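Visitor: I am new to reading protein models. Could you take me through one, feature by feature?

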Amino acid sequence: MTPLRLGALLAVISVVYAISAVTGVAVLLVLLAAYSARIPAAALDWVELERKAPRRLFLGETGTVQVEVRNRGRLPVTWLSITDLVPFDLSTQPLRWATSLASGEARRAEFRIVGNKRGAYRLGPSTMVSGDVFGWRPAQRSVSAGPVVIVYPRIVPLYQLGLPAVSPFPELRTPLPLHEDPLRIVGVRPYQTSDSARRIHWTASAHQGSLLVTRLQHGFSRETMVLLDLSREGIGTRSRPIELAVTAAASILHHIVTMERLAAGLRFGEIHLDPAFDDVHLMAMLEVLAVAGSHEVPPSNLLEPVGLPYGSTLILITRRLAVDVTERLHVLRRRGWRPVVVVIEGDKPELPGIKIWEIADSRSLVEVGL
Amino acid sequence: MTPASFITLILLAGSIGWTLGVALPAPSAYLAVSMAAAVVVVEAFRRLDRPRGKLMAAGEATAVALTPVAAVALTPDAQAATLFVGVVATLTSWLLTQITVSDLDAVIDPADSIESAMSAPERLRARFLWVGLAQSVAVVAGHGGLIPPLQSRAIAGGFVGSFLGYWLIGLMALSTVERQLRIARWKRDHAVIDADIGIRWGVARTTLLTVAALGAVLALGVGRPALSGLHVATTWISAGLTSLVTRLMGNPPRQSPPNQVPPTGAAPSDFVPDPGNTAGAPGEWLDFVLLVAFALVFLGVYTVFTRRRAQLAATRTGSVWSQVVRVWLELLEAITQIPAVIVGWWRRRRTHEMAPPGASFRRPRIEPWQPADPFRRRIASEFRSYLRTAESRRIALRPHETPFEFGVRLEAAGSTAVGRLTDLYSIARYSDHTVGEPEAREATAARRQAVTDLDQDAS
């Protein structure tokens, strides 16, 4: 039994028996039924939903999602229930919001999301439900998925991974004063008349009470490429070694770019990012690592010399070293590259002339949080 | 105050208003008394804030007790009408309070109950409309003189006023219940609720009802001539049809006596029947036509009713009397669906006529899954058998539900064997795993255990 059917039935009765009260109720019901069948759905069609979310989140960071609904129609929306699906790793509950919109009105609500796990997450889709005030005919509309939130992988100090905190990789210094690297300050010394005024370290001078100039490191630094092997052959399919490898890659890249101020690049699967040392480049590499997962590309492809900057440091992060990979590492070393191997939870191989670091002990795993 | 208590009090107040206001001469005064009584009683019980069960019992007892008191106190002419109205009011409040207490709370906290085919708010809305239909029938019966006490103009006016009051108060109460339920659900789901949503809901409800009531009044004023014309046309059409059927049967109308008695001694003239006089159709033919019409209606009702057997079986619970009432309600609803069936048939026929030659409009039928592997077929058969059994106990596989979700839902309700049965069905239907005699035997055992669990739950 629906209001429209009952209204129609009462209308027929009122025509046959000509009873004003029944006619009035019939008209009342038909009007209300027509309203509930058309108006809420039509009003809902004019409601627009927009989401604003942070593009990037670090692991464990809390972000705010703004959901704005605007009624661009002339009909009011008496009640509006919005359910915005959120990936489980960002929030354990979908975003639910109940509101009401007059004609032309816009309302905004804010919700919190937490980057609990690295990855790229798309917010939505959303479901908007409205209806009449009697609950006879609910109207529903879906809104397509919204923006993508990238949660960066975990970044930890290198000592937590069991790597030496200072210069763990063989970037080369040279005794020949080819040039001074203005980004690498190694100390201060008293001012000499031949020194340029731009070399004066004003803060230290003010502290000391006499003019001091910066001492810069003489030398040149080679570029570093991180080769992340997440192939099934190289690291398997278990999640913990994969997460540890990604964490190691992100931490190493972060250390090289922000601490050492050296250029670093990333090669992962078929993705290749040339070395650079600016923060934007680091963010791009972290975004790649955020969505990195197991793949089928053989690890030997990572060591293809094409595209690798000549003479650069190659940091291969893997779990198992196959024979062909070992051979290719030796070839690269003989040709002028500087390979380093970081082994994740695997057997530490003996490779003459190649530095090998191991991330396997339980202390590092606990400290990293895996 | 919960929605259940609120609607209970509204109905209680309405019944008191009915009882008191039926003796008043004017419908407007009657409505005023009803509304005032509603406000006073609701406010009084709101301040008391008694437990819900006692409140409902007190409401019912008051409604029942007030009926004979009012009947004795009023004039003898109004006693019968008062009794009638009191009984109707009590039954109405009983019907609606049954829903409010047992069902509405389950909506707010459905964790421990298996949801039936129709949700509690849907049942509330449906019963509200059914009670309104019953009152409409009572109004029509009173108008036609079938209820002797309502032949008094004042009492009939009061009764019609109560009819209108039922709709206005009921629609407001229905809207309030819907609002409270929505807000309760949102709170349960930890939704952010804007503070002014309740106020806007109330404004929208009042505006809507006012506009609709004004529209109804306007339609009554403007459309009164049209209504009268339709009424006259309906009368003439029915009379014409009767005349036509009578003539088609080849029976002349009953002969009327001559208008003038011939003078004594004069030769009797030949009698010429009046062709326009159809009021005297032979009774047996009219009865025959009525029987054919009744048979056609019965056939239509039966056809529509049989389509609803599954739904009827799914709601077969409670006592024998409640089942009988439910069957009759379903029959009544089936009657209302006959026009829809006719319109649907006419639309399909029209679409078929407009279609190019050779086009087929037969709706594809979804056949049950019948694999060639006998063991998979047996597991599927066991699963379908369990579904049929569960449907007969008001536990139906929802259209959007996968077998896995169905099993999880029933497992949560305490039936562990269902989970194994649905797992076996999922493996048999959707996987490439080898299915043999042990799995088929296990499916049979799981089905039996699940049915036993159902029976235990029902008992």
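**Reading a two-chain model**

Guide: Start with contacts along the chain. In chain A, take the contacts with a separation of 6 or more; residues 24 or more positions apart account for 69% of them. Keep in mind that this is a predicted model.

Visitor: What percentage of such contacts in chain B join residues at least 24 apart?

Guide: There the share is 71%, counted among contacts between residues at least 6 apart in sequence.

Visitor: How do I decide whether a residue is buried or exposed?

Guide: Count neighbours. A residue is buried if 20 or more other C-beta atoms lie within 10 Å of its own, and exposed if 12 or fewer do. Take A:Gly265, in strand 14 (residues 264-268) of chain A. It has 23 C-beta neighbours inside 10 Å, so A:Gly265 counts as buried.

Visitor: Which residues is A:Gly265 in contact with, leaving aside its neighbours within four places in sequence?

Guide: They are A:Glu223, A:Met225, A:Leu273, A:Asp274 and A:Pro275. Space and sequence are separate things to read. A:Gly265 and A:Met285 are 20 residues apart in sequence, and their C-alpha atoms are 7.7 Å apart in space.

Visitor: Where do I look for a nonpolar core?

Guide: Here is the general idea. In soluble globular proteins, nonpolar side chains tend to be buried together. Now the case here. The largest nonpolar core has 112 residues. Those with the most contacts inside it are A:Val226, A:Ala249, A:Ile317 and A:Val342. Helix 2 (residues 20-45) of chain A gives the largest share of this core, 14 residues. A second, separate core has 21 residues, including B:Phe383 and B:Ala390.

Visitor: What is A:Ala249 in contact with, beyond its neighbours within four places in sequence?

Guide: A:Ala249 is in contact with A:Val226, A:Leu228, A:Leu289 and A:Ile317.

Visitor: How do I read a helix?

Guide: Check its length, then its faces. Helix 12 (residues 374-391) of chain B has 18 residues. From first C-alpha to last it reaches 25 Å, close to the 26 Å expected at 1.5 Å a residue. Its buried residues are B:Arg376, B:Ile379, B:Ala380, B:Glu382, B:Phe383, B:Tyr386 and B:Ala390.

Visitor: Why do the buried residues of helix 12 of chain B line one face?

Guide: Look down the axis. The buried residues fall within an arc of 155°, so they line one face of the helix. On the other side, B:Pro374 and B:Arg388 are exposed. Now turn to helix 5 (residues 239-259) of chain A, which has 21 residues. This helix is mostly covered: 15 of its 21 residues are buried.

Visitor: What comes just after helix 5 of chain A?

Guide: There A:Arg261 takes a positive phi of about 55°, although it is not a glycine. A:Arg261 sits in the loop between helix 5 and strand 14 of chain A. With 14 other C-beta atoms within 10 Å, A:Arg261 is partly exposed. In chain B, B:His190 has a positive phi of about 60° and is not a glycine either. B:His190 lies in the loop between helix 6 and strand 1 of chain B. It is exposed, with 10 other C-beta atoms within 10 Å.

Visitor: And how do I read a sheet?

Guide: Strands of a sheet pair through backbone hydrogen bonds, either parallel or antiparallel. In this model, five strands form an open sheet in the order 9(A)-8(A)-4(A)-5(A)-1(B), with mixed pairing. Strand 9 of chain A and strand 1 of chain B stand at the edges, each with a single partner strand, so one side of each is left without a neighbour in the sheet.

Visitor: Which strands run parallel, and which antiparallel?

Guide: Take two pairs. Strand 5 (residues 95-101) of chain A and strand 1 of chain B run parallel, joined by two bridges. There, A:Trp97 stands opposite B:Val192. Strands 8 and 9 of chain A run antiparallel, joined by five bridges. In that pair, A:Val129 stands opposite A:Gln140.

Visitor: How many residues of chain B are in contact with chain A?

Guide: 47 residues of chain B are in contact with 38 residues of chain A. Helix 7 of chain B supplies the largest share of the chain B side, twelve residues. By class, that side has 28 nonpolar, ten polar and nine charged residues.

Methods
Residues numbered from 1 in each chain as written. Chains lettered and ligands numbered in written order. Predicted model: local features only at pLDDT ≥ 70, side-chain atom pairs only at ≥ 80, totals over all residues. Helix = DSSP H or I, 4+ residues; strand = E, 2+ residues; numbered from the N terminus. Expected span 1.5 Å × (residues − 1). Arc of directions from axis to C-beta. Core = buried A, V, L, I, M, F, W, Y, C linked by C-beta atoms within 7 Å. Contact = placed C-beta atoms within 7 Å. Nonpolar A, V, L, I, M, F, W, Y, C, P; charged D, E, K, R; others polar. Pairing = 2+ DSSP bridges.
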